Amino acid sequence: MLISKDDRLSFEKSKPGRRGVTLPRERFCSADPLQTVPKHLLRQSPLLFPEMSESDIIRHFINLSRKNFSVDTHFYPLGSCTMKYNPKVNEWAAHQEKFTALHPLQSEETTQGILEILYEMEEGLKEITGMDRFTMQPAAGAHGELTGMMLVHAYHASRGDKARRKVLVPDSSHGTNPASAALLDFHVVEVASDAHGCVDLKDLERHLDEQVACLMLTNPNTLGLFEKNILEIARLVHEKGGLLYYDGANLNPLLGLARPGDMGFDIIHVNLHKTFSTPHGGGGPGSGPVGVKKHLIPFLPAPLVEKAKEGYRWAKGDPRSIGRVKLFHGNIGVIIRAYTYLKVLGREGLLKVSEAAILNANYLKEKLKPYFQVAINGPCMHEFVLSLKSCGAQGVHAGDVGKRLLDFGFHAPTVHFPMVVPEALMIEPTETESKETLDLFVEAMKQIAHEIETDPENVRQAPFTLPVRRPNDVLAARKPILSYRDMVREKALAAEVAA
Amino acid sequence: MPYLSLTDEDRGSLLRTIGVRSLEDLIKDIPASLRNARISLPEGLSEPEVRALITRLGRKNTTTQDCLSFLGAGSYEHFIPAAATEIAGRQEFLTAYTPYQPEASQGTLQAIYEYQSLMTELTGLDVSNASHYDGATALAEAALLTLRQTDRSKVLVARSAHPHYRETLRTYLTGTPYTVEEFGFDANGNFDRNAFASKLDATVGGVIFQTPNFFGVMEDLEGVSEKIHANGSLMILTADPLSLGVFKSPREWGADIAAGEGQPLGLSMEFGGPYLGYFVVSQALMRRIPGRLAGLTEDADGKRAFCLTLQAREQHIRRERAGSNICSNQALCALAACAYMTLLGKKGMREIGEINCDRAYYLRQKIAKTRNFQVNTTQPIFNEFRVISKKPFAEVELKLKTQRFFPGVRLETFYPELKDQFLVCATETKTKEDLDQFAEALSQC
């Protein structure tokens with residue numbers, strides 16, 4: 001048995017008297033200062049934290065970690081998530097005490113090294129994307145989008161252009177796009193995709209008017225296609241006085257090939273946790289620097305790092321700045337990892353990454369074509385979408401194929417997204433995978449295609465080799481049990497009912 | 001580039017299978033005018049070279065380990081157990097994605113569930129999300145939540161709360177139909193009860209307090225939640241989670257939402273991030289909480305299982321009708337905090353609170369005896385307090401810097417009226433000798 005069957009919570013392993021860490025006994029004050037604190041400021045209710053020994057805690061968490069798929073253990077072809085390999089030298093860099101032990105409010109002269117990294121990272125991003133200035137504050141892609149929408153609002157407001165209350169998003173866009181725009185109270189309007197999966201120019205023109213504040217676009221889009229009309233789209237949006245926002249989720253295949261800044265984008269966010277190889281951490285932390293063209297620089301969150309004769313420093317904020325979007329300067333540890341990656345990559349590495357990402361995706365698509373329906377024919381960029389629509393007769397859904405893949409030791413692709421493709425399986429192999437891995441994946445998919453024909457029930461019931469099988473999410477949502485306390489209460493309730 | 005696996009031979013083989021001659025045949029959709037941008041970047045470095053570079057850059061920093069630091073103000077130096085670092089460094093946690101496939105993510109899901117359980121226990125409230133970006137953004141989204149829930153337009157915030165929290169809040173509300181108003185503090189740094197009461201009107205949806213507040217003072221919130229609730233508003237409390245083993249919990253103060261910064265729970269200062277926004281709400285607000293939630297359920301064979309739940313609140317389902325746009329969060333930081341809290345356990349969480357108080361009270365008493373520095377020795381504090389200098393603070397700072405001290409955070413930067421005042425923080429990381437040395441250095445100023 002490689003994976004522990006023990007599924008108890010730490011709370012359920014607790015035993016009074018055990019402890020995981022010891023703390024200094026010595027007190028410096030002659031009398032306990034808490035005795036002088038008014039009683040009503042002190043905690044009254046007991047704190048029911050688990051009591052466990054260090055060794056038990058380590059075993060508890062290490063066993064949990066083994067119940068995970070991860071990039072370091074499995075191929076993870078999750079579309080739009082760019083699950084590339086996370087280099088270890090990045091981890092080494094971010095863990096140096098010379099960075100981890102820096103306080104965010106230290107003076108400039110004591111933080112020249114980290115300020116240089118922030119400055120140089122911004123310079124690198126400017127070169128790669130063709131933008132003029134970046135803020136490193138946003139903590140994630142969606143946080144970058146929100147910052148972007150604030151910039152859109154500030155820009156139009158500064159021009160007295162108050163009628164611009166509309167933000168356009170393609171119907172294939174990530175959910176964060178409309179959600180970010182809605183936070184600024186923009187009215188979100190969807191633009192249709194054409195038969196090739198790109199923005200329908202006619203539909204775009206129909207929606208474009210003097211009320212449009214911005215068009216948010218992912219390029220390549222979520223179908224893995226480059227928006228070939230991008231220059232025309234930019235012209236149309238700008239002609240009507242709108243701004244163009246670039247969702248950087250799919251920047252990876254453009255490294256060294258083409259730059260959003262040259263395409264006409266005014267604002268962009270970059271997902272350092274995708275394109276720049278920083279680990280996803282089971283959901284975060286990420287980092288979503290936001291870059292802008294010249295006309296939007298004054299509105300960026302302050303402060304920004306600048307290079308002066310005597311060294312690096314925080315620039316004086318512009319009065320037009322939208323203000324701070326984060327407690328301190330950004331997810332610095334993530335930025336150090338991305339900077340290290342950028343340094344290893346270098347100029348020549350950019351093209352190698354995008355080339356391999358594109359080749360791997362097209363190769364997989366070509367190899368899978370005999371067994372599954374490809375949503376859009378023709379070459380793709382870094383990812384592509386399969387449609388399981390034709391498996392309806394067997395009652396097999398895209399999600400089922402994802403589950404069955406887990407039994408073969410592959411993480412599932414993104415399933416049921418983008419919504420414009422029925423029964424979508426979105427596959428992004430990334431550049432770091434070998435041909436051998438891709439071939440094994442193809443073999444697994446081939447077998448699953450065969451099973452769909454011969455034994456669809458097996459696919460519908462999968463997976464069979466993992467610690468759990470098909471957790472009931474309907475039950476979880478109908479009767480939310482979200483903490484140990486909820487569990488205890490539920491149990492007591494059940495006992496009461498039984499009695 | 002050691003991270004790529006394709007050999008020249010592989011590339012040829014892939015191209016043949018795809019049925020094209022070169023990469024160019026695959027990227028014809030990119031307009032020619034966009035190609036060949038001149039990108040100016042240096043050549044890539046080998047691992048020894050990049051390590052030398054990072055080491056060189058690191059040496060340009062003077063850290064809180066190179067000096068004796070008393071900096072706090074929203075980022076705190078604390079002891080982090082080696083076991084916590086090991087756990088958070090596990091690559092199976094580190095390199096996993098969001099647990100959308102529960103069968104392949106029970107590790108992450110159970111860890112999040114335990115984190116949620118610890119946070120509800122610590123704050124006393126009912127539902128914790130899986131993490132937010134940081135304290136400032138969690139607080140801003142908490143404010144939005146109260147406004148939507150009450151259908152009102154204004155949020156009140158104590159001016160004794162962290163200036164960066166308040167600035168982030170203002171940024172978040174600009175461009176929305178909502179406004180933010182502040183109420184002041186008295187000479188001792190406690191929130192001003194009269195100003196608070198006078199601003200509480202029918203437009204107020206939420207009221208924000210911080211305790212310990214920015215000045216390190218434990219706010220006395222007696223009677224506050226009653227006033228807020230009588231007004232039909234909601235109360236948001238941002239507390240230092242490490243203080244809650246000892247001091248009153250947000251639930252005990254009557255708060256509806258606890259939102260703030262979890263960095264003290266075992267995360268290094270790292271020049272400001274990645275940190276951990278915690279976000280815990282009362283049962284009544286469960287369906288409005290932003291971000292991911294791990295829930296308990298059963299699998300197809302009736303076994304205990306965990307999965308993300310109540311996802312209908314979130315952007316990937318609800319799109320423009322979602323209450324928040326958050327997607328990526330700070331999951332690994334929540335895991336680190338979970339490991340930290342589990343290691344400290346029931347006794348440790350209380351003791352760490354006691355020790356922080358002990359160190360800060362001891363130092364405050366010592367500074368009270370100096371000639372040129374003044375402190376209020378009767379105010380309840382946790383691990384930080386305000387010092388008023390009789391000499392220009394710039395002078396003091398310069399002098400102490402040469403003796404390798406980071407004496408504290410200058411208050412005038414945030415509150416122009418608080419000239420020559422600074423915040424001093426002392427946690428369990430300081431020895432008696434450290435504190436004596438610092439007090440001695442101050443007495444020489």
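D301(B) is partly exposed, with a relative accessible area of 48%, where buried means under 20% relative accessible area, exposed over 50% and partly exposed in between (1.4 Å probe, protein chains only). The model is predicted, so local features need pLDDT of at least 70 and side-chain atom pairs count only at pLDDT 80 or more, while totals for chains, interfaces and linings use all residues. Residues are numbered from 1 along each chain as its sequence is written, chains are lettered from A and ligands numbered from 1 in the order in which they are written, and side-chain values use heavy atoms, with hydrogens and water left out.

The side chain of D301(B) meets that of R469(A) in a salt bridge (2.7 Å, N to O), a salt bridge being a side-chain nitrogen of Lys or Arg within 4 Å of a carboxyl oxygen of Asp or Glu. D301(B) lies in the loop between β9 (294–298) and β10 (304–308) of chain B, and R469(A) in the loop between α14 (456–461) and α15 (473–478) of chain A, so the pair joins two chains. Helices (H or I, at least four residues) and strands (E, at least two) are DSSP runs, numbered from the N terminus. R469(A) is buried, at a relative accessible area of 14%. Elsewhere, R485(A), E121(B), D126(B) and R251(B) are joined into one network by salt bridges that share partners.

A further salt bridge links K326(A) and D134(B), whose closest N and O atoms are 3.0 Å apart. Because K326(A) belongs to the loop between β9 (311–314) and α11 (332–368) of chain A, and D134(B) to the loop between β2 (127–128) and α6 (135–150) of chain B, this pair also joins two chains. Both residues are buried. R324(A) and E167(B) likewise form a salt bridge through their side chains (3.6 Å, N to O).

Between chain B and chain A, 15 salt bridges are counted. Helix α11 (residues 331–368) of chain B gives the most to the side of chain B that touches chain A, with 24 residues. That side divides into 88 nonpolar, 59 polar and 48 charged residues; Ala, Val, Leu, Ile, Met, Phe, Trp, Tyr, Cys and Pro count as nonpolar, Asp, Glu, Lys and Arg as charged, and the others, Gly among them, as polar. In total, 195 residues of chain B are in contact (heavy atoms within 4.5 Å) with 201 residues of chain A. The area buried between the chains, which is the accessible area (1.4 Å probe) that two parts lose on being put together, summed over both, is about 17,400 Å², and carbon and sulfur atoms give 63% of it.

Over all chains, the structure holds 60 salt bridges. One of them pairs the side chains of R133(A) and E122(A) (2.5 Å, N to O). R133(A) lies in strand β1 (residues 133–135) and E122(A) in helix α5 (residues 112–129) of chain A, so the pair ties together parts that are eleven residues apart in sequence. R133(A) counts as buried at 15% relative accessibility, as does E122(A) at 2%.

Within strand β2 (residues 166–170) of chain A, V169(A) is buried, with a relative accessible area of 0%. Leaving aside residues up to four places away in sequence, V169(A) touches N177(A), P178(A), V188(A), V189(A), E190(A), V191(A), L215(A) and M216(A).
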